[in-house]
Amino acid sequence: MMATYGDANGPTAQEIEDHNAKTNLIINYLPQTFVDADLRRMFSSIGEVTNAKVMRDKKTGYSYGFGFVNYSNIDDAKRAIEGLNGLEVQGKRIKVSYARPPGDDRKDTNLYVTNISKNMTDAEFAKLFEPYGSIIQSNLLRDKNTGLSRGVGFVRYDNKDEAAYAIQSLDGTMLPNALQPLSVKIAEEHGKMKASYFAGMQAGKTMAMGHEYGGYGGYATGEYGGWAVNPPPGYGMANSNW
């Protein structure tokens, strides 16, 4: 009789977790046209696939360009990395690696990058950050109508030490033909700063209304919230990243 988890002779929770960590793969740089069936078909050539999923926006269906594949066998997952990593698919080289479960070293790995030259390609953007660690995913944000770069991008590293090294090395760097120094920050910190600013703006509006009707004064300039008096540079401008 086969032992199962929970049985006295069955695998422990840690053994199951270790197994899953060695069978679950993340695949980056997938073509936009790729669907779940394409991903499963490609990786089934190596071994038995239990699950294959291309990650998409739930509302628009837009592919994020990466997905996950889980094998039933550890050796098959290893052979898939060896055999398919770097494979050119529809003009893009896919990256295949283990998809490790979330942990402390996974935090603070996603970087928010601004003041990028709008002429920089996705390949050049990734190459800029490659010397500082193993990149899980990188992408430049583009205008939905024109397809042109917005000068903003994201880079996710394998661990937070690599991300910190990239910040230390690249933040404030003047790249060739750049008008402003490159800004590289933890994406989560940017999100909190942005939320703080808008909270301050909302509070400022509330206080300004109170002042108009005989209430409070001094808060309409945004003293209450994220920034002391003035909004961050570029806020509200046509080319703003906010």
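Visitor: Which residues touch the most other members in the largest nonpolar core?
Guide: This is a predicted model. Its largest nonpolar core has 20 residues, and those touching the most other members are L25, I27, L39, F43, V69, Y71 and V96.

Visitor: Which elements give two or more residues to this core?
Guide: They are β1 (24-28), α2 (36-44), β2 (49-56), β3 (63-71) and α3 (74-84). Helix α3 provides the largest share, four residues.

Visitor: And what does L39 touch, leaving out residues up to four places away in sequence?
Guide: L39 touches L30, F34, A52, K53, V54, G67, F68 and V69.

Visitor: Which residues does the second, separate core include?
Guide: The second core is separate and has 19 residues, among them L111, Y132, A166 and L182.

Visitor: Let us change topic. How many salt bridges does the structure hold?
Guide: The structure holds five salt bridges. One of them joins R41 to D38, with the closest N and O atoms 3.0 Å apart.

Visitor: Where do R41 and D38 sit relative to each other?
Guide: Both belong to helix α2, where they are three residues apart, which means that about one helical turn separates them.

Visitor: Are R41 and D38 exposed, partly exposed or buried?
Guide: R41 is exposed, because its relative accessibility is 56%. D38 has a relative accessible area of 21% and is partly exposed. The cut-off for buried is under 20%.

Visitor: What about R79, which partner does it have in a salt bridge?
Guide: R79 forms a salt bridge with D76, and their closest N and O atoms are 2.7 Å apart. These two residues are in helix α3, three residues apart, or about one turn of the helix.

Visitor: And which of the classes, buried or partly exposed, applies to R79 and to D76?
Guide: R79 is partly exposed at a relative accessible area of 41%, whereas D76 counts as buried at 11% relative accessibility.

Visitor: Which side chain does E88 meet in a salt bridge?
Guide: E88 meets the side chain of R93, at 3.7 Å from N to O. R93 counts as exposed, with 54% relative accessibility.

Visitor: Now the open sheet. In what order do its four strands come?
Guide: The order is β8-β9-β7-β10, and the pairing is antiparallel.

Visitor: Which strands stand at the edges?
Guide: Those are β8 (135-142) and β10 (183-186). Each has a single partner strand, so one side of each has no neighbour in the sheet.

Visitor: By how many degrees are neighbouring strands turned against each other?
Guide: The average is 20 degrees for neighbouring strands of this sheet, with direction ignored.

Visitor: How many bridges pair β7 with β9?
Guide: Strand β7 (residues 110-114) and strand β9 (residues 149-157) pair in the antiparallel sense over five bridges. V113 has G153 in β9 as its bridge partner.

Visitor: Which strands does helix α4 lie across?
Guide: Helix α4 (residues 122-129) lies across β7, β8, β9 and β10, and runs at about 135 degrees to β8. Another helix, α5 (residues 160-170), lies across β7, β9 and β10, at about 155 degrees to β10.

Visitor: On to the rings, then. How many aromatic pairs does the count come to?
Guide: The count comes to four aromatic pairs. One of them is Y112 with F154, whose ring centres are 5.4 Å apart and whose planes stand at 55 degrees, so this pair is tilted.

Visitor: Which parts does that pair tie together?
Guide: Y112 lies in strand β7 and F154 in strand β9, so the pair ties together parts 42 residues apart in sequence. Y112 is buried, at 7% relative accessibility, while F154 is partly exposed at 23%.

Visitor: Why is the pair of F125 and F129 edge-to-face?
Guide: The ring planes of F125 and F129 are at 65 degrees, with the centres 5.3 Å apart, so the pair is edge-to-face. The cut-off for that class is over 60 degrees.

Visitor: Where do they lie, and are they buried or exposed?
Guide: F125 and F129 are four residues apart in helix α4, about one helical turn. F125 is buried, with a relative accessible area of 0%, and F129 is buried with a relative accessible area of 0%.

Conventions. Residues numbered from 1 in each chain as written. Predicted model: local features only at pLDDT ≥ 70, side-chain atom pairs only at ≥ 80, totals over all residues. Heavy atoms only, no water. Core = buried A, V, L, I, M, F, W, Y, C linked by side-chain atoms within 4.5 Å. Buried < 20%, exposed > 50% of the residue type's maximum accessible area, 1.4 Å probe, protein only. Contact = heavy atoms within 4.5 Å. Salt bridge = Lys/Arg side-chain N within 4 Å of Asp/Glu carboxyl O. Pairing = 2+ DSSP bridges. Axes fitted to C-alpha atoms, helices over the stretch in contact; angles between N-to-C directions. Phe/Tyr/Trp six-rings, centres within 6.5 Å; stacked < 30°, edge-to-face > 60°.
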